[in-house]
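Good morning, and thank you for coming.

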Number of protein chains: 2
Amino acid sequence: MAPTLSTLDTPAALVDVVQMNHNIERMQQRMNQLGVRLRPHVKTSKCLPVIDAQIAAGAVGITVSTLKEAEHCFAHGILDVLYAVAITPGKLPQALTLRRRGCRLALITDSVQGAQAIADFGTRHDERFDVWIEIDCDGHRSGLKVEDVALLEVAQVLNTGGMNLRGVMTHAGSSYDLSCTDALRALAEQERAVCVAAAQRIRHAGLKCPEVSIGSTPTALSAVNLEGVTEVRAGVYVFFDLVMHNVGVCSAQELALSVLTTVIGHQVEKGWVIVDAGWMAMSRDRGTHKQQRDFGYGQVCALNGDWLEGAQLSGANQEHGIVTFEHAPALPIVSQFPIGTRLRILPNHACATGAQFEQYHAFDTDASGAVHAWSRLNGW
Amino acid sequence: MAPTLSTLDTPAALVDVVQMNHNIERMQQRMNQLGVRLRPHVKTSKCLPVIDAQIAAGAVGITVSTLKEAEHCFAHGILDVLYAVAITPGKLPQALTLRRRGCRLALITDSVQGAQAIADFGTRHDERFDVWIEIDCDGHRSGLKVEDVALLEVAQVLNTGGMNLRGVMTHAGSSYDLSCTDALRALAEQERAVCVAAAQRIRHAGLKCPEVSIGSTPTALSAVNLEGVTEVRAGVYVFFDLVMHNVGVCSAQELALSVLTTVIGHQVEKGWVIVDAGWMAMSRDRGTHKQQRDFGYGQVCALNGDWLEGAQLSGANQEHGIVTFEHAPALPIVSQFPIGTRLRILPNHACATGAQFEQYHAFDTDASGAVHAWSRLNGW
């Protein structure tokens, strides 16, 4: 007999399938309207049923954060894969193996040294790697600036070395720090304009640069115009989370991932309810800490998903979570939340919380209440 | 051919076996001198070769944070197991199964409701559970206060219900917030005195309470006298970490867990070296943030383990880490740390960082440089 939300062992990572499908549809439709392809980043879910739903809705391929994700998805039949972390020389043999088996794996680089290593290795093994050049559009992490002299050098090294320069790509990761529509729109435009300019610079130098790939969930949901862009990468939109809610790109109802937990004790004098979801279940991610509303380690909800306003997971040890209440509950906490009570906790960051689990438990609110285990990939 | 530190795929969680064995020996000798048994908490490593080394050194049994750990260790032949999270009624069938198979699994509770659930379930299934009562010695989380009227009620419920009240146990988790020897000694004495007093109160009420179990790594390494205590639980000492180093209970050399990473890029203007260890490898734990020295997401070391003073993992995205330098390195960063350079990063919190990996890679500095995969348990 399949477990239900009332019988499942806790802690467990729950996926609300109705909401997830809504989120997938929302992003795909937006990309369709903007006239660009969607290549979802599967680092959020690392889960084949989720990825299948994204592809069924219209995604053209996937973005991965590890070669293990690429192998896993390729074994499942997904051929078009972008590995969106600058490749190190030591990982090239693994990439080659994937390509030799038929995976259309594309690599990225943001340095002459990296490009040279790809070209040398490709030449030595008679493999014409597909390579994207990573562009820095907002200073938050990796990538070459549009005006960097190295940009054309990297393009030349790849071209001369016989590699296939597919295009340029960027990720406006600083969008996670924003929370106002105008600022999000401006950053989305900056992400687009910078990446398109990088492609133009390469093209003006006489090299082919067919593709322009951008994306983060906040900018993808804020962009007004994506002229010159060929595809968008976004990941966390599939589940959304409290950080995205604070950024302002999803409603409270759109959060599709939560952690099911059980009350294991109380500290009555302090008004604490102790639950069996600590940081091992929630992750240590405190992404809402610097945002407009700090949710601690998560927003506490009733088993049906209703927010318990002002109730949050304020503290977390490895397997203990401490739930506190901004306003005293209607009944004494021992009566209102007796030992064995089941609650759900919405996470700050879906990518980090999901990674604490080996499987999700998916439920469909229209069905029998049964949950189904969906395994997820972890590690490298 | 076994991989070495120079060929292993990155990121990887490295265990320095020589240092780990030193740490195990250090704690075991201390407990032997203080005349108490050691029951290590295996939630830190969740790894059988590590646990075997602890038992070989003299540990009397283990402490676990999940029933999955109990099952895994029992299947390996470890019989004496304390599950140190208050049991919820829903987990009692799983506990019963373990006991029926021969595991001497002991449970804990800190409420009348919890004790009643154990007694009722035990009576119904003709099982005399071994139960410890959890005591709150420092207000940091769960447990009953010594003076709480519920303490004797819980003991009575267990006794009347035919359960085996094994003793009282506490964990001075607030020790992680300290950093001065006198304060640590005082808290260690408080932990001892409170837990012994709880046992005495139960004994004075005419009930048996043979055991007194205390422990956290900082208090275990600070206690001067453990009179009345029968056993100590401690976990993180097996690897130690930067938080423990800040607390002051281990030297820099004693840190036995590190994350092997590879340089994947640079942002020269900012002085950043980008590595392939982000928060997915390090965890989001920022345990040193409020301590005397904030190590960001970790202290950066050369491949041989030497600290690169002032170099830390300042930023972490999912698979990208940003290394910054307090003082400019001797050479330009691109020359000193070219793409492909291997580094090691010491984590804030060994329990959290280990949990990001499905295996450790163990190396012995006296041997050939080969590393050996040690699988670890994750999930519930």
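How do H3(B) and H4(B) lie relative to each other? They are roughly parallel, a term that covers angles under 35 degrees, whereas over 145 counts as roughly antiparallel, 65 to 115 as roughly perpendicular and the rest as oblique.

Before I continue, a word on the source. This is a predicted model, in which local features need pLDDT of at least 70 and side-chain atom pairs count only at pLDDT 80 or more, while totals for chains, interfaces and linings use all residues. Residues are numbered from 1 along each chain as its sequence is written, and chains are lettered from A, with ligands numbered from 1, in the order in which they are written.

Let me return to that helix pair. Helix H3 of chain B spans residues 67–75 and helix H4 of chain B spans residues 92–100; their axes are 11 Å apart, at an angle of about 15°. Helices (H or I, at least four residues) and strands (E, at least two) are DSSP runs numbered from the N terminus. The axes are lines fitted to C-alpha atoms, for helices over the stretch in contact, and the angles run from 0 to 180 degrees between N-to-C directions. The crossing of H3(B) past H4(B) is left-handed, that is, the near helix is turned anticlockwise from the far one by less than a right angle, clockwise being right-handed.

From H3(B), the residues Leu67(B), Ala70(B), Glu71(B) and Phe74(B) meet Gln94(B), Ala95(B) and Leu98(B) of H4(B). Here, two residues are in contact if their C-beta atoms, placed from the backbone, lie within 7 Å. This contact of H3(B) with H4(B) has five nonpolar residues, one polar and one charged. In this classification Ala, Val, Leu, Ile, Met, Phe, Trp, Tyr, Cys and Pro are nonpolar, Asp, Glu, Lys and Arg are charged, and the others, Gly among them, are polar.

I turn now to another helix pair. In chain A, helix H5 (residues 112–124) and helix H6 (residues 149–160) have axes that come within 9 Å and cross at roughly 5°. H5(A) is therefore roughly parallel to H6(A). Val112(A), Ala115(A), Gln116(A) and Ala119(A) in H5(A) meet Ala150(A), Glu153(A), Val154(A), Val157(A) and Leu158(A) in H6(A). By class, that contact of H5(A) with H6(A) has seven nonpolar residues, one polar and one charged. In chain B, H5(B) and helix H6 (residues 149–160) pack at about 5°, with axes 9 Å apart.

How many residues does each chain give to the contact between chain A and chain B? Chain B contributes 43 residues and chain A contributes 43 residues. On the side of chain B that touches chain A, helix H5 (112–124), strand E10 (257–267), helix H10 (279–282) and helix H12 (350–354) of chain B each supply at least two residues. The largest share of that side, three residues, comes from E10(B). Its residues divide into 16 nonpolar, 18 polar and nine charged.

Next, the interior. In soluble globular proteins, nonpolar side chains tend to be buried together. The largest nonpolar core here has 262 residues, and Tyr83(A) and Tyr83(B) touch the most other members. Such a core is a set of buried Ala, Val, Leu, Ile, Met, Phe, Trp, Tyr and Cys residues joined through C-beta atoms within 7 Å. A residue is buried if 20 or more other C-beta atoms lie within 10 Å of its own, exposed if 12 or fewer, and partly exposed in between. Leaving aside residues up to four places away in sequence, Tyr83(A) touches Val64(A), Leu67(A), Ala70(A), Leu105(A), Ala106(A), Leu107(A) and Ile108(A).

Finally, some individual residues. His72(A) is in helix H3 (residues 67–75) of chain A, and it is partly exposed because 19 other C-beta atoms lie within 10 Å. Glu227(A) lies in the loop between helix H8 (217–220) and strand E9 (231–232) of chain A, and it is exposed, with 11 C-beta neighbours inside 10 Å.

Ser283(A), in the loop between H10 and E12 of chain A, has a phi near 80°, a positive value in a residue other than glycine. Is Ser283(A) buried or exposed? Ser283(A) is buried, with 30 other C-beta atoms within 10 Å.

Lastly, the peptide bond from Thr10(A) to Pro11(A) is cis, with omega near -5°, and Pro11(A) is in the segment before strand E1 (12–16) of chain A. A cis peptide bond also joins Thr10(B) and Pro11(B), with omega about -5°.
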